[in-house]
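Colleague: Please take a close look at the salt bridges in this model, and at the pockets that go with them. Keep it brisk.

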Amino acid sequence: MSQPVIDLSAIGAVVFDTDGTVTDTARGHAAAWKHVFDGFLRGRSAPFDVREDYLRYVDGRPRLDGVRAFLASRGITAPEGAPDDEPDAPTVHGLGRAKEQLFMAQVKQHGVAAFPAAVALLHELRNRGARTAGVSASLHGRRLVAAAGVLHLFDTVVDGGDAALMNLPGKPDPALPLEAARRLGVSAGRTAVVESAPPGVEAGRKGGFALVIAVGPAGEGADLVVRDLGEPVVRGRVLPLSM
């Protein structure tokens, strides 16, 4: 098998989906979703699967879109409710708020870690002149990246708060990574995206990005699939005039 390569003679920027790719937050997100969904599903459907259901229906999507997508996969429709619904309300907004409260309580108690291989790759890219961005569907994406101590490794971060303000659709629509590339001043055709969930990989393909790298099992449709970010080799250097 050939070694995965990021060739900076053709790529000037890399956009990372931070959750589960740079920051070790995916397990916390999945555990919080399981707690919330299993309580809601009891007596209606099989429990939430922290691997298959999380990657396919929830990871990379805005929180409310994730609720809708997962419930639809089980043939369940819940009332939309309202943003001020209590966290125990059996509504889309209520389930979303319950998950958010549980996840942020975990973050407050345990903090946020960054994957060493991802940090090393970010340093290598920046040392070679590539621009970097982080994207996250989470409203707290920028806060989580900062808590992990890696905010300085990104030229820009586009999170769920930005998406809400700009009315950007969530993945698999490519709006978030395209906005990140726009802020970097690099075309999608010279930008790579790094994703860890099927909706993110699909967004990379739809957005016309030069290279789509999938980390982990969600690699269908990606140009490169790696087990972790210690695998890709960075070649070349981005010259300022080539941006």
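Modeller: The structure holds 17 salt bridges, each a side-chain nitrogen of Lys or Arg within 4 Å of a carboxyl oxygen of Asp or Glu. The model is predicted, so local features need pLDDT of at least 70, side-chain atom pairs count only at pLDDT 80 or more, and totals for chains, interfaces and linings use all residues. Residues are numbered from 1 along each chain as its sequence is written, and side-chain values use heavy atoms, with hydrogens and water left out.

Take Arg63 and Glu100. They form a salt bridge, and their closest N and O atoms are 3.1 Å apart. Arg63 lies in helix H3 (residues 63-73) and Glu100 in helix H4 (residues 92-110), so the bridge ties together parts that are 37 residues apart in sequence. Helices here are DSSP runs of H or I with at least four residues, strands are E runs of at least two, and both are numbered from the N terminus. Arg63 is partly exposed at 23% relative accessibility. Glu100 is buried at 11%. The cut-offs are under 20% relative accessible area for buried, over 50% for exposed, and partly exposed in between (1.4 Å probe, protein chains only).

Next, Glu195 and Lys171. Their closest N and O atoms are 3.0 Å apart in a salt bridge. Glu195 sits in strand S5 (residues 191-195), and Lys171 in the loop between helix H7 (160-166) and helix H8 (175-184), so this pair joins parts that are 24 residues apart in sequence. Glu195 is buried at 2%. Lys171 is buried too, at 4%. Shared partners join Asp17, Lys171 and Glu195 into one network of salt bridges.

Arg227 pairs with Glu231, with closest N and O atoms 2.8 Å apart. Arg227 is exposed, at 71% relative accessible area.

The largest pocket has a volume of about 500 Å³. Of its 28 lining residues, the closest to its centre are Pro62, Arg63, Leu64, Ala137 and Leu139. On a 1 Å grid over the protein atoms alone, a pocket is an open set of points where a 1.4 Å probe fits, with protein on both sides within 12 Å along at least five of seven lines; lining residues have an atom within 4 Å of a point. The volume is the space filled by probe spheres set on the points, which are joined across faces, edges and corners. Helix H1 (26-41), helix H2 (52-58), H3, H4 and H7 each supply at least two lining residues.
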